[in-house]
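Dear colleague,

Please find below the sequence and structure that I am handing over to you. My notes on what was found follow directly after.

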Amino acid sequence: MKKNPLVLLVDDIPQNIQVLGAILKNQGYSFALTTSGAETYQLLHKTIPDLILLDVMLPDEDGFSICKNLKADERTKDIPVIFLTAKNDTSDKVNGFKVGGVDYITKPFEELEVIERVKNHLQAKLDREQIKAYNKELEVIVEQRTNELLKKERESILAQFIQGVVHNIRGPISSALAANDLIHAMHADLNDKINEGIHGQQLINQLAEVWQILELNSEVLRKMASNLESMLRKSRTDQMQENAICDLNEIIQQELDFLDVDLKFKNQVEKHFHLSVEKLPVFVLQGDIAQIFENLIKNAMDAMYKTPNPMVRIESGSDGSFHWFSVEDNGPGIPEEIIDKIFDSFFTTKPLKSDPNALEQIPIGTGIGLKFCKKTIESYKGKIVVEKGRSIGAKFTVFLPAFDFAH
Ligand SMILES: Nc1ncnc2c1ncn2[C@@H]1O[C@H](COP(=O)(O)OP(=O)(O)OP(=O)(O)O)[C@@H](O)[C@H]1O
Ligand SMILES: [Mg+2]
């Protein structure tokens, strides 16, 4: 316990003050005295005691009303209040609890009773404060850990993305090079024919072939350029640091272009898009919404890793004041008993690390994806809702306040 807990005695009867004062002093408590409501408020303005012993009858205001006021004030609401009541007055005891008192001591005072009750409530207050402090510390640690993991996750998404880029560009580059080699090989033969003055159908056919190869190469290069463009656009918008008016549909479309570099998503998942025709303006950091969308898609893909015909359905729309988008899969869905936990920090049903020797690669997770989504969406005054998919699977819907142009 604190070295010298401060106990405030609020009473105007000299005999009570004398008896209680002596008991408290003997216990080594610091002790303050006020004799009216007005005086009490004045003192509490300057000092916050660890406990208050409050008489019911005071000259200017009754103890219940004082206690009620203290409990309504943020500064004083946590100070335990023990009422001093007459032995047989049940209604005083009941009223004391009703206005937020923690206990009562009856008159005439029994020294041992006073000592025990005061000691217990001081200890209980100390325990509460300690728990509060631990919780605060824990919150800070969880926040730090979450941020570290989010950073790691972003890095791993980026690494995956780069792998996709390399994969998508390496293929076209080798076919463009092979085509070039082919033209090169044909070049000598064509040159000879031109030099020898052979300008017949054969030459025309050969030139048409070269033309076709060049066309194919242009197509490949155009595709690569557009791939790079979409990646550049994404990295640019991910780095934007200020909220802006963005169209939800456009963000989703851009993310889908980006996800298309992931071959698994591109080829093995059946996709249904039902995006609203009208624009859905929201005032956000585009990168935030992109990350939320990526998380929901990644969760859906993870959930469907054993599903024979994986399917995602992406929809968007508006109910006027909120615009929304949803990601739905046909995986195993979310069991009833964990549905309340999936938004908690570090809640995951996936292993933290993959087993390099395992035959099949089980999706891994840290359990921060949905926590991040919820926190971010709520910071925009939106909400995220989870429900069952249409037959099986899970469906997550994100609602964001519609941007009000009239504002
Ligand atoms: N589409 C889904 N279908 C089935 N279960 C899901 C789906 N989305 C989330 N869950 C469940 O919710 C849990 C928490 O998801 P969350 O995204 O927060 O973490 P994680 O995916 O496990 O790990 P992380 O996102 O940090 O890599 C998942 O482990 C999974 O059990
Ligand atoms: Mg996840």
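In these notes, buried means under 20% relative accessible area, exposed means over 50%, and partly exposed covers the values in between (1.4 Å probe, protein chains only). This is a predicted model, in which local features need pLDDT of at least 70 and side-chain atom pairs count only at pLDDT 80 or more, while totals for chains, interfaces and linings use all residues. Residues are numbered from 1 along each chain as its sequence is written, chains are lettered from A and ligands numbered from 1 in the order in which they are written, and side-chain values use heavy atoms, with hydrogens and water left out.

Salt bridges

A salt bridge is taken as a side-chain nitrogen of Lys or Arg within 4 Å of a carboxyl oxygen of Asp or Glu. Across the whole structure, the search finds 14 salt bridges. One network of salt bridges links Glu74, Lys77, Asp78 and Lys132.

Helices (H or I, at least four residues) and strands (E, at least two) are DSSP runs, numbered from the N terminus. Lys132 itself is exposed, with 52% relative accessibility.

A further salt bridge joins Glu219 and Arg222, whose closest N and O atoms are 3.3 Å apart. The two residues are 3 apart in helix H6 (residues 201-239), a separation of about one helical turn. Glu219 is partly exposed at 44%, whereas Arg222 is exposed at 51%.

Packing of H2 and H3

Helix H2 (residues 37-46) packs against H3 at an angle of about 20 degrees, with the axes 11 Å apart; axes are lines fitted to C-alpha atoms, for helices over the stretch in contact, and angles run from 0 to 180 degrees between N-to-C directions.

Gly37, Tyr41 and Leu44 of H2 are in contact with Ser65, Ile66, Asn69 and Leu70 of H3, contact meaning heavy atoms within 4.5 Å. The residues of this contact comprise 4 nonpolar, 3 polar and no charged. Here Ala, Val, Leu, Ile, Met, Phe, Trp, Tyr, Cys and Pro count as nonpolar, Asp, Glu, Lys and Arg as charged, and the others, Gly among them, as polar.

Individual residues

Ala290, in helix H9 (residues 286-303), is buried, with a relative accessible area of 2%. Its C-alpha atom is 6.6 Å from that of Ile251, although Ala290 and Ile251 are 39 residues apart along the chain.

The peptide bond from Lys107 to Pro108 is cis, with omega near -10 degrees, and Pro108 lies in the loop between strand S5 (103-107) and H5. Phe346 has a positive phi, near 65 degrees, in a residue other than glycine; Phe346 is located in the loop between strand S10 (322-329) and helix H10 (369-379) and is partly exposed at 31%. Lys381 also has a positive phi near 65 degrees. Lys381 sits in the loop between H10 and strand S11 (383-388) and is exposed, with a relative accessible area of 67%.

Yours sincerely
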